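Please open the model in your viewer and keep the sequence panel beside it. The tour below moves from one selection to the next and says what is found at each stop.

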Amino acid sequence: MNSNGDSRSILIPNIHLQYGSVLGFPPSAAVQGESPFYRGTVLVLRKPLSLLTTVSTMKGKTEMAAKNSAVNQRGTKTKPSNRKASHGSSDKLETPVTRPLKAYAFDPSRGKVLGNEMYLKVRYQKLAPGPVVLDRRYDSIAVVDYDGENNVWYKPVNLDDWHILMSGGLDPSESDPRFHQQMVYAVVTETIQHFETALGRRINWRRAERDGPKPRRGKYPDDIYTLNLYPHAMYSPNAFYSPKARGILFGYFKAVVNDPSLSRNLPGQIVYTCLSHDIIVHETTHAVIDGMRKFFTEQTNFDVPAFHEGLADIVALFRHFAHKEVLLDTIQRTGGALYKYQLRPDAATSPDDWYAPDPGSKEAEREGPTITAEMSMRNPLVELAQQFGEASGRNRGLRSALGTKPNSSDIRKFTEPHHRGSILVAAIFDAFFSIYLRSTADLFRIYRSGGGRLDGGDLPDALANRLAGEAARIAERFFQVCVRAIDYCSPVDITFGDYLRAIVTAEYDLRPTDEVGVRDAFMQAFRLRGIVPESASFFSESAIAWPRPDPPLPPVPGLDFGDPNGLTNAQKDQNGDALRAYANNPKNRKLLGFDRNLYVTVPSFHPMFRINPDGSLRTDMVVELTQKREALFDKKRASLGSFRFRGGVTLIISKPLAGDVARLSTDIPPDERPTRAGNNAQEYPPAEIRYAISKHLHGTEGKCREERQRHYGEQMGLMESSDPDRFQINFAMVHEGEGV
Amino acid sequence: MRKAAKKSPRSRTKAKTKTKTKTSKPPAEPSTTANGSEAPLQTGQLRIRMYRVGFGDFFLMTIPSAKDPSHMLHIVIDCGVTGGTTGKGDIGTIKEAVADMVAETGGELALIIMTHRHMDHIIGFSRCPEFQDFKGKVGAIWMPVWENEADAGISKFQNEMFALASELHASLALAADTVPDGRTILAMLQNAIGVAGAGRGGGSNAASLALLKNGLGVRPSYYCKGSPAELPQSLVDAGLTAEILGPPPADASQFMSLMDLRKGVGQYLDTAGNAGGGSSASGGNKQREHVLPFRKSWKVTPQDYPKDAFEEWEHRPLEGPKKPGYVEWKHLKQAVDAAQPAALMSAAKKVDNHLNNQSLVVLFTYGGKKLLFAGDAQAGNWEYWLYDAPERTTTPSDKLGKQASNVLGHLDFYKVGHHGSTNATPIAAVNAMNAGFVAMCSTQADTFGSVKNQGEVPRIPLIASLASKSALVRSDQIPVQTGAHEIVPVAHGTPPSLPRPKAGTLVRGPCYVDYLL
């Protein structure tokens with residue numbers, strides 16, 4: 001790999017090159033990949049992205065990426081560079097991998113302390129003023145600063161302006177809308193990257209429902225390809241994701257301050273929701289989940305909107321643990337107990353420290369802090385959107401990671417999505433802190449055995465650093481588990497119990513050995529909060545994890561898993577046809593538990609490329625299959641209206657190995673085994689289904705679900721309207737009262 | 001009472017004469033005088049009278065006294081009306097109805113039940129002089145637990161809700177037509193705070209509450225599900241029993257959701273950033289101040305944006321043919337503008353639902369007959385007792401509780417909840433009801449919602465469902481005269497005659513329907 005090589009590039013030894021002249025070979029010679037090695041040239045080859053316009057003509061060919069890629073970002077061909085260039089001495093510079101931008105780690109109210117003004121290194125993308133991402137090979141984002149309250153458009157920031165480039169992004173400022181645009185762009189991009197790392201694939205935004213055996217091709221009116229971000233869309237203490245506005249609307253409002261000592265805002269000052277890191281991440285998460293599972297915004301039970309809210313909070317809160325300075329400070333101020341609400345102040349108060357008290361006077365009895373340094377602060381790691389919470393009169397952050405004490409009755413009582421979601425948040429963070437404490441117990445033990453004390457003194461830097469490292473690592477792992485688990489949920493009608501099963505399954509599927517007991521920690525934390533799966537027979541790890549299909553389902557023929565660079569349109573068409581044909585085969589339909597009279601649609605299929613614990617690449621595909629029918633609110637009276645009742649199956653399909661490796665097993669006589677050299681099958685064998693996670697339309701489960709959905713619709717007043725959109729979660733309304 | 005009984009026929013005859021002179025279509029049913037229902041009720045008999053006041057409830061229940069069967073004992077259940085979105089809900093008959101009630105009862109009321117504090121259930125108490133200068137006697141007053149001012153938590157909650165509704169109302173009063181659903185929102189808020197519409201005659205919710213709490217010489221009792229209902233001795237002696245089925249006791253989760261609601265609509269309440277104070281209802285003349293978040297120099301035009309910024313809004317062929325003059329940024333602007341004003345609707349709806357769910361639900365039993373008065377209770381209130389839930393539950397079983405099955409399966413009378421809206425009579429309840437009872441629905445069509453969006457009140461299919469099981473009568477199917485001697489038309493599709501119940505009789509009066517059982 002040469003100096004410009006990217007660690008993710010793949011070295012492929014046996015290929016034909018069409019760019020022989022670039023390397024100084026005679027143009028007529030078809031150069032074997034091995035040849036350059038003999039000639040002393042090492043090639044690092046980068047495969048082109050699938051959706052690049054000009055690449056379609058280059059299918060199956062490779063491109064030299066080390067220097068002067070033959071195709072630039074916008075897809076126009078450039079002249080092949082000369083031989084000198086290929087040796088790394090060109091004056092043309094490599095496209096940067098990241099773009100540094102400044103943002104608040106929390107929000108403006110925390111000032112500059114403890115790295116609150118931070119650099120985010122987001123992936124480099126070519127941008128137009130806005131910022132508007134110009135690379136449209138994947139779903140993208142565009143910041144459009146339109147203010148609906150004042151009917152005003154604000155000047156868009158040009159992040160490629162050399163003044164901005166020189167300083168690594170605009171400096172944080174509340175009064176400059178361009179910084180707001182920059183921060184929204186940076187935080188949304190970073191959040192997307194995090195999701196993509198966890199999921200092992202590029203994300204996409206919401207797509208409209210495509211029905212029938214041959215859905216029409218092209219962009220549907222309700223599809224979102226570019227998520228628009230409106231940093232100052234409205235005058236309102238609110239921010240929400242709106243599929244109809246194809247983006248996220250951030251509000252601004254005047255702070256309500258009842259007691260200045262409890263709020264870091266001036267009464268009446270303008271507070272911008274687009275400057276709260278937490279709020280941006282929260283709203284982006286809504287959009288990402290909606291892109292992954294479009295039916296999770298269709299209200300079918302109380303858990304559906306609560307799941308959306310809870311997960312958005314979880315993602316935002318886990319981001320806190322990536323801010324090392326705050327993490328170290330919190331570790332010092334809590335003695336390593338990161339879950340505590342209050343931080344130890346800089347200086348301790350003492351009851352005898354009172355200026356000339358009159359003996360016996362009330363003042364003499366007064367205790368408590370005299371100066372700011374003696375005041376305890378709230379733990380920023382476990383609190384969400386502090387400035388917003390304070391500015392809207394709460395005297396604390398908007399919500400907290402551990403907002404509810406464990407009990408099993410809240411889950412039956414709380415129906416408001418944020419309150420209900422907070423039960424999920426608390427369960428996840430309960431598990432997180434358990435694992436953090438379990439993983440660091442030995443460090444504390446070593447510290448104590450060496451005479452160290454945890455009652456108020458400073459921890460040694462080395463220990464604090466180790467603790468911070470552990471906390472950050474575990475937070476990242478938990479974030480990944482929480483996000484990956486979405487792929488292991490059935491496509492419709494999610495419940496918290498399903499999500500627990502999905503978490504346990506996803507963990508098991510990717511990390512079968514669980515040294516620290518992560519799965520058990522999740523199970524216990526959920527159980528304490530009364531969240532138990534509806535359909536599992538026991539509360540054991542193996543029973544909670546979704547069962548593998550037994551007997552195995554027939555393999556799926558004709559799937560093309562593509563590679564991490566994406567699928568071409570032809571590959572997508574092929575997969576769509578293959579999956580529709582598979583799911584609508586009467587035999588398979590029965591095996592998958594579908595209703596035999598209803599057509600099965602394929603809302604989505606995504607190849608996933610994830611890294612196994614041993615470092616190897618693993619390729620799977622997650623597929624959603626759904627069916628729907630209209631169900632009456634009152635079975636005897638159709639005139640009282642109906643609702644859409646859906647069933648669905650999520651398939652996790654493994655990419656098969658090329659050639660039938662199963663035949664290499666020991667029960668085949670050695671002389672009959674195919675040799676590796678002969679393992680050049682023309683196509684992959686059919687792909688095996690690892691998991692089929694279902695919600696049926698019929699049977700006892702179907703009846704119960706239908707009844708539950710009917711009852712929910714009645715409770716929520718969804719009967720009284722003919723508007724087909726009334727079942728969609730309206731985040732503007734859901735967030736009303738809660739803010740975000 | 002004798003005096004009242006003497007007075008009563010006179011007033012009715014008079015009313016009837018007026019009707020005859022003004023309309024060519026006399027009531028199809030025989031008048032009360034004609035069929036002799038004026039005679040005192042027999043022992044064991046009862047009468048439920050539904051007055052036609054428009055969109056609102058005003059019921060009078062009468063039973064004979066045990067000591068003197070010629071002496072009647074009266075219970076008033078609610079007395080109010082509201083104009084609604086269309087303004088057509090208040091038909092202007094409430095004063096006459098109250099006058100009739102006082103004439104009938106002589107002002108001697110054994111019990112007044114106020115189900116909840118919405119205008120369409122209480123405005124009559126302050127609007128009508130008979131109540132304001134009350135000269136009669138009241139045995140007891142029942143209210144939902146939410147009216148108990150001695151409970152600091154509840155009192156704070158109610159005050160906050162009232163302040164929120166008033167401030168929203170004030171902010172919206174002038175701008176209702178510029179906000180989507182503005183009229184509906186305004187009507188809901190008006191119902192909550194009780195600001196009487198112009199021309200329909202005075203009164204306010206606050207004055208009504210003050211009268212009921214302090215002005216009638218008896219301290220109200222505050223009830224929730226499970227409270228032992230204390231009937232006045234005369235009613236107990238007469239053989240009446242009562243059970244309180246709703247509202248559920250106030251619990252923490254119900255408090256929380258509203259306190260935060262205020263913050264959600266803060267921008268509509270007070271742009272000076274001082275929403276911490278109490279009421280700022282300034283008569284509806286406060287215009288919203290526009291807050292500019294940045295200097296004017298940051299302002300640009302959409303043309304200053306790169307074309308790529310609007311790529312998402314480019315015309316998509318599957319949408320159909322592209323209209324001439326299609327401009328991408330205009331579509332973006334429209335979408336952002338349309339996504340916004342949900343805040344008000346959400347807040348108004350929440351206040352409305354909260355108040356409806358505070359409804360006192362009372363089950364009377366008299367001589368083995370079960371009479372259910374459900375106020376405006378909605379899903380949250382109903383399910384608490386329908387499913388025997390210890391609290392509002394998210395996972396109800398599909399099987400009704402024993403008590404609910406027993407009550408609904410042996411019903412003789414049902415006061416249709418919330419003027420016939422679907423949200424207020426759960427399907428499970430309708431299905432569990434036995435056949436052959438009498439249902440009375442006090443309502444006025446074309447007040448809230450519309451048939452087009454399946455949100456009409458009363459909801460036609462629900463009413464049809466109930467009517468298939470019961471003898472159902474709607475108040476807006478009774479021809480009635482206003483004080484100005486105008487005939488208020490009956491609802492479209494009114495049947496020519498009242499249904500015939502399985503037991504007892506329904507009798508039409510000049511401004512009411514009686515059910516004699």
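What covers the buried residues of α19(A)? Before answering, keep in mind that this is a predicted model, and then select helix α19, residues 699-715 of chain A, which has 17 residues and reaches 24 Å from its first C-alpha to its last, close to the 24 Å expected at 1.5 Å a residue. Its buried residues are A:Arg705, A:Glu706, A:Arg708, A:Gln709, A:Arg710, A:His711, A:Tyr712, A:Gly713, A:Glu714 and A:Gln715. Now show what lies over them: the cover includes β21 (617-634), β22 (637-654) and β23 (688-695) of chain A, together with α14 (379-386) and α16 (427-432) of chain B. Following α19(A) you will come to A:Gly717, whose phi is positive, near 70°.

Next, display the whole of chain A, in which there are 20 helices and 23 strands. Of its 740 residues, 45% count as buried, and among the contacts in chain A with a separation of 6 or more, 63% are accounted for by residues 24 or more positions apart.

Within chain A, select helix α6, residues 277-292, which has 16 residues and reaches 22 Å from its first C-alpha to its last, close to the 22 Å expected at 1.5 Å a residue. Since 15 of the 16 residues of α6(A) are buried, this helix is largely enclosed by the rest of the structure.

Now select A:His180, which lies in helix α5, residues 177-199 of chain A. A:His180 is buried, with 27 other C-beta atoms within 10 Å, the cut-off for buried being 20 or more. If its neighbours within four places in sequence are left aside, A:His180 is in contact with A:Pro231, A:Tyr272, A:Cys274 and A:Leu275. Draw a distance from A:His180 to A:Ser276 as well: these two are 96 residues apart in sequence and 9.9 Å apart in space, C-alpha to C-alpha.

From there, go to A:Met234 in strand β12, residues 226-235 of chain A. A:Met234 counts as buried, with 27 C-beta neighbours inside 10 Å. Leaving aside its neighbours within four places in sequence, A:Met234 is in contact with A:Gly148, A:Glu149, A:Leu249 and A:Gly251, and also with B:Gln340 of chain B. The C-alpha atoms of A:Met234 and A:Tyr252, which are 18 residues apart along the chain, are separated by 6.5 Å.

The tour continues with two pairs of helices. Select α7 (residues 303-320) and α13 (residues 461-487) of chain A, whose axes come within 10 Å and cross at roughly 155°; α7(A) and α13(A) are therefore roughly antiparallel to each other.

Finally, move to chain B and select α4 (residues 119-127) and α8 (residues 205-215), whose axes come within 7 Å and cross at roughly 70°, which makes α4(B) roughly perpendicular to α8(B). Among the residues that make the contact are B:Ile122 and B:Phe125 of α4(B) and B:Leu209 and B:Leu212 of α8(B). By class, the contact of α4(B) with α8(B) has eight nonpolar, three polar and no charged residues, and α4(B) passes α8(B) in a left-handed crossing.

Methods: Residues are numbered from 1 along each chain as its sequence is written. Chains are lettered from A and ligands numbered from 1 in the order in which they are written. This is a predicted model: local features need pLDDT of at least 70, side-chain atom pairs count only at pLDDT 80 or more; totals for chains, interfaces and linings use all residues. Axes are lines fitted to C-alpha atoms, for helices over the stretch in contact, and angles run from 0 to 180 degrees between N-to-C directions. Helices (H or I, at least four residues) and strands (E, at least two) are DSSP runs, numbered from the N terminus. Angles under 35 degrees count as roughly parallel, over 145 as roughly antiparallel, 65 to 115 as roughly perpendicular and the rest as oblique. The expected span of a helix is 1.5 Å times one less than its number of residues. A residue is buried if 20 or more other C-beta atoms lie within 10 Å of its own, exposed if 12 or fewer, and partly exposed in between; C-beta atoms are placed from the backbone. Two residues are in contact if their C-beta atoms, placed from the backbone, lie within 7 Å. A crossing is left-handed if the near helix is turned anticlockwise from the far one by less than a right angle, and right-handed if clockwise. Ala, Val, Leu, Ile, Met, Phe, Trp, Tyr, Cys and Pro count as nonpolar, Asp, Glu, Lys and Arg as charged, and the others, Gly among them, as polar.
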